Amino acid sequence: MKFTVDRLKLQKALQKVSNIIGSRSMLPLLGNVLIKATEEGLELSTTDLELRLVTTVEAEVSEVGTTTLPAKKLASLIGSFSAEKVDFVIDDKDFARITCGTAKFTLLGLSAADFPEALAFEAVHTIKIKESLFKRMIGSIAYAVSVDDSRKVLTGVLLSLRETAMTLVATDGKRMAMQESSPESIIGGDGDAIIPLKAMSEIRRQLDGDELLTIEVGEKLCRFTCAGVTLTSKLIEGAYPNYRQVVPGKFASEVELPVQALLAKIETVALMIAGANSSIILRFADNQLQLQASSAEVGEGSDLLETTFEGETFEVSFNPVFLADPLRNTDADMVRFKLNDPLSPVAIEAGEGFIYIIMPIRKK
């Protein structure tokens, strides 16, 4: 097996596929990158048994073949070289002789025969959507995914298809974030799939343009294909909560607030809070919002924000992290708070198609 490849192109490809490799895998092969050299060039693959990431690289291949090499060690080597081209000669024992300029190294690989094969996949639904739009959709809701494995379905993102709309939903049982948009096309009709957060985070990392991303959803797998990268992931099995029932049918009042000014005041007032279970109080009065927090260990503080709120004084308490999260992850200039009473769910709308539902904290 022999090939010559551009150093920078190989370095970029290795960076793409190395992200999903864990540091504590029990199987040494899962720390390796599968390299297939064909007449068309190189195909690089990595997997953690839940995700599989594949990319291609142009190369001059003089002898075709397949091997696996330690992914992160190889990436470090390529990153430290300085010459333009890298030559690989790999023998039948998977020993790779690597030459780049004056640098010469031998890297010990493992046989490709035992590398996990890609699972069979058949798409039921196919979505085409702009990369930039999908990347923004993931970012607007991913923080609300549960980190508690006791409810496995909540550790993923729900992808829900209804007619011409696609909705991404995340919840940890205490708050819910949902982002709806209209893709370029949806084939296969209505359907739902729960995609692991790791898969969503990884494909978001890979998206850096405005080309079309293809999302294919099967019975147990989903596949994302964008320029030069294919990511396949297992789906999370189970029934996701009915997210539409969480949104109240009507609200008694609503108010618009500037995102950055509100976020800055939340973060400042929250400095007076001690402990994960502390809360920040929002007191709405005529044309004014007062933010207040206090703790016996730190002190107390408050700040004011001008609003268009009209009506009787309304006071509600929130977890400050939960309150700030949607503000940190939106590119909207204004948010709309929709309120009923101090114990009912509050809706926050930011930009087109985004809704965030948060439960107030009950006063003791």
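This is a predicted model: local features need pLDDT of at least 70, side-chain atom pairs count only at pLDDT 80 or more; totals for chains, interfaces and linings use all residues.
H5 covers residues 259–269 and H6 covers residues 320–328, and their axes come within 10 Å of each other, crossing at roughly 150 degrees. Angles over 145 degrees count as roughly antiparallel, so that is the label for H5 and H6. The crossing itself is left-handed.

Next up is another pair of helices. Helix H3 spans residues 131–141 and helix H4 spans residues 197–206; the two pack with their axes 9 Å apart, at an angle of about 140 degrees. This angle makes H3 and H4 oblique to each other. Here, too, the crossing is left-handed. On the H3 side, the residues involved are Phe134, Lys135, Ile138 and Gly139, and they meet Met200, Ile203 and Arg204 on the H4 side. Split by class, this contact of H3 with H4 has four nonpolar residues, one polar and two charged.

Now for the aromatic rings. Searching the whole structure turns up seven aromatic pairs. One of them joins Phe284 and Phe309: the ring centres sit 5.5 Å apart and the planes are at 40 degrees, so this pair counts as tilted. Phe284 belongs to strand S20 (residues 280–285), while Phe309 is found in the loop between strand S22 (299–306) and strand S23 (314–318), so the pair ties together parts of the chain that are 25 residues apart in sequence. Both Phe284 and Phe309 are buried.

Phe284 also pairs with Phe314, and this pair is tilted as well, with 6.5 Å from centre to centre and 55 degrees between the planes. Once again distant parts of the chain get linked, since Phe284 is in strand S20 and Phe314 is in strand S23, 30 residues apart. Like Phe284, Phe314 is buried.

Methods: Residues are numbered from 1 along each chain as its sequence is written. Side-chain values use heavy atoms; hydrogens and water are left out. Axes are lines fitted to C-alpha atoms, for helices over the stretch in contact, and angles run from 0 to 180 degrees between N-to-C directions. Helices (H or I, at least four residues) and strands (E, at least two) are DSSP runs, numbered from the N terminus. Angles under 35 degrees count as roughly parallel, over 145 as roughly antiparallel, 65 to 115 as roughly perpendicular and the rest as oblique. A crossing is left-handed if the near helix is turned anticlockwise from the far one by less than a right angle, and right-handed if clockwise. Contact means heavy atoms within 4.5 Å. Ala, Val, Leu, Ile, Met, Phe, Trp, Tyr, Cys and Pro count as nonpolar, Asp, Glu, Lys and Arg as charged, and the others, Gly among them, as polar. Rings of Phe, Tyr and Trp (its six-membered ring) pair if their centres lie within 6.5 Å; planes under 30 degrees apart count as stacked, over 60 as edge-to-face and the rest as tilted. Buried means under 20% relative accessible area, exposed over 50%, partly exposed in between (1.4 Å probe, protein chains only).
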